[in-house]
Amino acid sequence: MAETKKIATRESFGLALCELAKEHPEIVVLDADLAAATKTEIFKKAYPDRFFDCGISEGNMIGVAAGLASCGKVPFAASFAMFATGRAYEQVRNSVGYPHLNVKIAGSHAGISVGEDGATHQCCEDLALMRTIPGMVVLNPADHYEMTEAVKAAYEYNGPVYIRLGRLAIESFNDPDTYKFELGKGITLKEGSDVTVIATGLVVNEALKAVNALESKGINARLINIHTIKPIDKDIIIKAAKETGSIITVEEHSIIGGLGEAVCAVTSENCPVKVTRIGVEDTYGHSGPALGLLAEFGLDAQGLEKRISSIVK
Amino acid sequence: MENQELLEMQKNACKVRMHAIEGVFNAKSGHPGGSLSAADIITYLYFKEMNVDPSQPKAADRDRFVLSKGHCCPALYGALALKGYFPEEEIKSLRHIGAMLQGHPDMKGTPGVDMSSGSLGQGISAACGMALAAKYDNADYRVYAMLGDGECEEGQVWEAAMFASHYKLDNLCVIVDFNGLQIDGSVSDVAGLDDLDKKFESFGFEVINIDGHDFAQIETALNKARTVKGKPTAIIAKTVKGKGVSYMENQVGWHGKAPNADEYKIAVEELSAQLKALEA
């Protein structure tokens, strides 16, 4: 059984990096003055000689990472999702993406669950931005165990990878004894035939609670966890579209350009079915406690249960 | 530099210029002005300064060159072709569909190009990463980054300058091709880059001012840069945009325009005459 202790995926990321670095001396870590927040400080303490703070200059950090990668290093460059993918978008595109360099970019404090810091720091566009870059793998792990494996998979993939990290401590729902991460493969968490819910990242566990609660109310929903936004698992989506006839996507991200639209692209070209996108609807977040915001945006278990139920009926 | 060596260098620089103009003419587009101002320095780097071997363009211990002012790649391609990284014939298809030589440097497609570049301000950061990698590996290769003067208006240049200084990247040598002109006019009119040397100095660089067309000065500066310890070096090279083709010299209009057939003929005649004089 999974542990009940809550842990933020940013911390899982920092721990996984340390573990991976033991065997791979070519791994180096860069941060832009946010090591305490992105949790690269865990790595920094363990490997001070392999950690390079770039100061508050995300564009330069991405360029430095590109240079390191061109010389055989495997740099993990971390900052808040807003700055790593937003401010430094063009550096990621031109210095890392275009030459397909082996740089791993970690964006922490993604989504509205950043909480009190408010809209300027609540990046709900990172998945959309990174999806547009040719050759970029985009990962959005949902809990501690998934993040641990995702970091390893990112290392093993030879090319640019974006990994989304969350600030909020969350429960782990995956079973570490049986969990298997396969890049580009979705995971069916619950079988069902009435509708398929496809979720990603921090809200997967909320969706899991919601579909389980709906079962007792007569709605038999399938739940798929998509940890790899790009390349997306087309097969699992097409199969779900064919077998359940409609899809609901759930993400803590803008409904523009993220998981929802990635799923729409697959269904519309292969098996057109109705897709309803649940997420942040073309608006900014605002300050407040993370859990309160998730509830307000309808992304907690109760909100999702209500919304899914109303869509199905 | 001995006379014979200087003569060879001047001939090579002249050939690099001919290649640059040939490429831009056949592409019917590109950036001749800055390519010609950078040609002497790029030639010196590839034919004297850098430890590189065209038969092993990916050798781990080679010196690296990042053309941060990537639009001036016609000069880089000229030098690489002349050095033997790829056939000189490739120059003619610069910017053509399916060609190896892209409008801005592409490290994946072109042997000898150490970093893709073209978006101004980004190459110097990559150069910092390469220099840091050398430090990390205790390797003794050096990294050269060439920037345009106008490029120094990009904030990222100064982020990188802070980084290079903070990490004491004395294996990094930044060279600014200071030709004084950018697309919209003279750099002093457009955004003002007065005292660029003092700017780099205050960012912790060893700074050397030279005439970027005088090989003796180029050599002295690069030799000195190799002796500097504990900080990076910036060479501010005063150059002439369009150098070597009379009607292009100091003309901002030749920043990003290809010569027509008549103009090309004049350029070839002038450069051929220069080469002939050197060979005499």
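Which hand does the crossing of H9(A) and H13(A) have? In this predicted model, the crossing of these two helices is right-handed.

Chain A is built from 13 helices and 12 strands. Its radius of gyration comes out at 18 Å, close to the 20 Å that the globule rule gives for 313 residues, so chain A is as compact as a globular protein of that length. Taken along the principal axes, the box filled by its C-alpha atoms is roughly 55 × 40 × 40 Å. As for burial, 59% of the 313 residues of chain A count as buried. Looking at contacts in chain A with a separation of 6 or more, 79% of them join residues 24 or more positions apart.

Back to the helix pair in chain A. Helix H9 spans residues 204-215 and helix H13 spans residues 301-312. Their axes lie 8 Å apart, and the packing angle is about 55°, which means that H9(A) is oblique to H13(A). On the H9(A) side, the contact is made by A:Glu206, A:Ala207, A:Lys209, A:Ala210, A:Ala213 and A:Leu214. H13(A) brings in A:Ala301, A:Leu304, A:Glu305, A:Ile308 and A:Ser309. Sorted by class, this contact has seven nonpolar residues, one polar residue and three charged ones.

Then there is the meeting of the two chains. The contact takes 24 residues from chain A and 22 from chain B. On the chain B side, the elements giving two or more residues are helix H4 (123-136) and helix H5 (155-166). H4(B) supplies the largest share of that side, with nine residues. By class, the side of chain B that touches chain A has 13 nonpolar, six polar and three charged residues.

H4(B) also packs against a helix of chain A, namely H4(A), residues 58-70. Here the axes are 6 Å apart and the angle is about 50°, so H4(A) is oblique to H4(B). The crossing of H4(A) and H4(B) is right-handed. From H4(A), the residues involved are A:Asn60, A:Gly63, A:Val64, A:Ala65, A:Ala66, A:Gly67, A:Leu68 and A:Ser70. They meet B:Ser125, B:Ala126, B:Ala127, B:Cys128, B:Gly129, B:Met130, B:Leu132 and B:Ala133 of H4(B). What classes do the residues of this contact of H4(A) with H4(B) divide into? There are 10 nonpolar and six polar residues, and no charged ones.

Definitions and conventions:
Residues numbered from 1 in each chain as written. Chains lettered and ligands numbered in written order. Predicted model: local features only at pLDDT ≥ 70, side-chain atom pairs only at ≥ 80, totals over all residues. Contact = placed C-beta atoms within 7 Å. Helix = DSSP H or I, 4+ residues; strand = E, 2+ residues; numbered from the N terminus. Nonpolar A, V, L, I, M, F, W, Y, C, P; charged D, E, K, R; others polar. Rg over C-alpha atoms; globule rule 2.2 N^0.38 Å. Buried ≥ 20, exposed ≤ 12 C-beta atoms within 10 Å, placed from the backbone. Axes fitted to C-alpha atoms, helices over the stretch in contact; angles between N-to-C directions. Parallel < 35°, antiparallel > 145°, perpendicular 65-115°, else oblique. Left-handed = near helix turned anticlockwise from the far one by under 90°.
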